[in-house]
Amino acid sequence: MSLTVRFFCYGVLLTSLTWSLLLLLYFHLSSSHNRSSQPISGILDRRGAGPRAAPANQGAEQSAEMGMIFNERDQEVRDSGYHRHAFNVLISNRLGPHRPIPDTRGPQCAQQSFSPSLPSASVVICFFNEAFSALLRTVHSVLERTPPELLHEIILVDDHSELDDLKGELQQYVSSEPRVKLVRNEKREGLIRGRMVGAQHATGEVLVFLDSHCEVNVLWMEPLLSLVSTDRRTVVCPVIDIISADTLTYSPSPIVRGGFNWGLHFRWDPVPPSELGGATKPIRSPTMAGGLFAMDRQYFHELGQYDPGMDIWGGENLELSFRIWMCGGQLLIAPCSRVGHIFRKRRPYGSPGGTDTMAHNSLRLAHVWMDEYKDQFLSLRPDLIGRSFGDVSERVQLRRRLQCRSFKWFLQNIYPEMFSSAGQKKNGPMVQQRPLRRPRILQRGQLKNVGSGLCLVAQGRTSQKGGAVVLRSCDPRDQDQVWALDEDGQLVLAGLLCLDVSEVRTSDPPRLMKCHGSGGSQQWSLKSHRLYQVSVGQCLSLQEPAGPKGYVSVAICNQSEAQQWSLEV
Ligand code: UD2
Ligand code: MN
């Protein structure tokens with residue numbers, strides 16, 4: 001072969017090799033950054049804790065079996081994790097500090113462009129006894145998904161945590177990462193004074209606050225900084241996506257905005273059509289959920305930071321929201337900025353004195369900001385009338401100094417829904433505001449245990465909430481033996497109730513409960529004849545002989561016939 005021909009052949013070979021590599025890389029990247037194509041459908045959370053999860057399997061790139069228990073050690077990590085942190089720490093630990101999450105932004109968001117000279121941010125994360133793996137994933141997501149020139153620093157404020165790994169290991173981690181600073185409170189201050197400590201140490205132009213169990217999504221920071229830099233009296237929240245406390249699955253939130261009720265509980269409201277300006281346009285929000293927002297640092301100080309008389313948890317979000325609107329600022333939600341947050345079913349910590357800090361903080365905010373409307377709150381909480389709430393004179397002075405408007409103005413102009421919509425006067429838990437999406441049924445039939453040849457049925461009436469399940473001989477004509485497995489992993493008996501397990505007392509037998517539609521305790525996966533309970537990490541198993549706790553239970557998954565089930569007609 002002549003030299004030229006040989007060079008030509010090598011050339012062709014090299015070029016095609018390069019192309020194949022590039023193509024491979026492209027497919028790899030586009031599959032790992034796969035945008036969740038599912039429609040955003042969600043309902044508003046009843047407790048007002050967060051926009052409620054779209055189906056738990058949505059955007060799931062992580063295996064349903066991530067929480068599988070293999071041994072006692074796993075069980076211990078999972079159970080003590082629920083106890084200490086109120087979420088599945090076994091899965092959190094297994095996910096580690098990095099993981100891909102679905103890009104949950106609307107398709108138009110990709111077309112947004114930003115000024116090349118945005119201000120830089122100090123990200124402030126205050127934590128108390130946080131699960132180390134969740135804290136680390138929060139920090140890493142910020143480091144990895146924020147352009148370096150926009151990230152001035154991350155300030156971690158340890159609110160006097162008691163857990164060992166938050167002392168030694170965290171210290172070690174921080175000394176290896178120059179952009180992360182750690183400040184420790186000498187005593188427990190609560191998240192409100194804790195954030196003020198963080199802000200005191202910050203030197204970036206914009207403060208961005210996050211909870212310690214978040215994961216920021218692609219291009220999360222740019223929309224926030226861009227809006228703050230256009231008008232420094234604009235405070236901006238991202239859309240808070242949902243990370244399931246039981247499965248750690250990341251799923252999109254519907255676009256909703258912040259409101260409140262006369263009990264001074266935060267709640268999510270639908271966006272009124274007049275406020276919807278297009279998929280990328282910011283939405284004005286009467287209030288914020290509290291944990292996640294960006295604010296010009298100087299403006300944070302000018303506006304009076306937070307009320308330092310507020311303790312531990314609660315109420316500061318409404319106080320800041322009222323203050324922003326009433327004193328000349330505005331509060332927006334940037335629909336293209338998405339940050340996931342682990343929404344828990346309970347708060348795993350108390351306050352040092354054991355007092356209800358939410359009531360104390362709400363009293364303070366009502367007396368400073370709500371004028372005659374504080375009576376609306378007090379009439380719902382007569383138990384609080386006459387209760388001391390400390391000295392608020394400095395906050396009253398601040399309001400005077402900033403020449404803020406009246407609460408009536410705020411209601412009339414920023415939150416007119418407070419007067420118009422029905423059911424507004426209700427205190428406490430919210431009623432569902434949108435209908436539940438009906439999940440698609442994947443499989444239907446009798447649930448037969450292969451080992452015994454018997455079928456799983458309700459012990460008493462099929463419609464009895466809280467009822468146990470037992471095994472009886474199969475009767476194909478009996479409609480009360482028909483189970484449906486739907487796309488959310490729910491096992492619904494006779495179209496009525498869902499098979500549910502206790503996430504805290506996993507040794508309790510499964511029961512029939514009202515279907516709640518948010519995965520976790522009602523999420524099952526049927527694979528190779530095993531019925532795996534996603535949040536407990538164990539499999540449905542026949543108890544032989546039937547024990548004091550019933551006929552079936554969940555147990556560490558194995559290959560035995562006691563754990564083999566078939567779902568067929
Ligand atoms: C929501 C907010 C939260 C806060 C709260 C009302 C979101 C996503 N979260 O409750 O930020 O505004 O409403 O007060 O909007 N922490 C401390 N010291 C304490 C207690 C808590 O540092 O004494 C930390 C905690 O580790 C966490 C953050 O404060 O990082 C918020 O606490 P949370 O996650 O229990 O509050 P959450 O999300 O229920
Ligand atoms: Mn939180």
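Which residues come nearest to ligand 1? The legends below take up this question and then turn to other parts of the predicted model.

**View 1. Residues around ligand 1 in the predicted model.**

**View 2. Polar atoms beside the oxygen atoms of ligand 1.** In the side chain of arginine 188, an N or O atom is 2.7 Å from an oxygen atom of the ligand. Glycine 291 takes part through its backbone, with a polar atom 2.9 Å from an oxygen atom of ligand 1. For tryptophan 313 a polar side-chain atom is involved, and its distance to an oxygen atom of ligand 1 is 3.0 Å. On its own, ligand 1 has 740 Å² of accessible area, and the protein covers 92% of this area.

**View 3. Serine 122 in strand β1.** Strand β1 spans residues 121-127 and includes serine 122. This serine has a relative accessible area of 0%, so serine 122 is buried. Its side chain makes a polar contact with the side chain of glutamate 153, at 2.6 Å. Beyond the neighbours within four places in sequence, the residues in contact with serine 122 are His152, Glu153, Ala202, Thr203, Gly204, Val206, Leu207 and Val208.

**View 4. Alanine 86 in a loop between two helices.** The loop that holds alanine 86 runs between α2 (72-85) and α3 (89-95). Alanine 86 counts as buried because its relative accessibility is 8%, and the cut-off for buried is under 20%. When residues up to four places away in sequence are not counted, alanine 86 touches Gly81, Ala245, Arg344, Arg346 and Pro348. Glutamate 205 is 119 residues from alanine 86 in sequence, and the C-alpha to C-alpha distance between alanine 86 and glutamate 205 is 35 Å.

**View 5. Two nonpolar cores.** The largest nonpolar core is made up of 100 residues, and Leu156 and Phe260 have the most contacts inside it. Another core, of 23 residues, lies apart from the largest one; Leu497, Leu531, Val536 and Ala562 are among its members. In soluble globular proteins, nonpolar side chains tend to be buried together.

**View 6. The two domains of the chain.** Domain 1 covers residues 107-425, and domain 2 covers residues 441-568. Between the C-alpha centres of domain 1 and domain 2 the distance is 41 Å.

Methods: Residues are numbered from 1 along each chain as its sequence is written. Chains are lettered from A and ligands numbered from 1 in the order in which they are written. This is a predicted model: local features need pLDDT of at least 70, side-chain atom pairs count only at pLDDT 80 or more; totals for chains, interfaces and linings use all residues. Side-chain values use heavy atoms; hydrogens and water are left out. Helices (H or I, at least four residues) and strands (E, at least two) are DSSP runs, numbered from the N terminus. Buried means under 20% relative accessible area, exposed over 50%, partly exposed in between (1.4 Å probe, protein chains only). A polar contact is a pair of N or O atoms within 3.5 Å; within protein, one must be able to donate a hydrogen and the other to accept it, and residues adjacent in sequence count only if both atoms are side-chain atoms. Contact means heavy atoms within 4.5 Å. A nonpolar core is a set of buried Ala, Val, Leu, Ile, Met, Phe, Trp, Tyr and Cys residues joined through side-chain atoms within 4.5 Å. A residue is near a molecule or strand if one of its heavy atoms lies within 4 Å of it. Accessible areas come from the Shrake-Rupley method with a 1.4 Å probe; for residues, only the protein chains shown count as cover. Domain bounds come from an automatic or database domain assignment.
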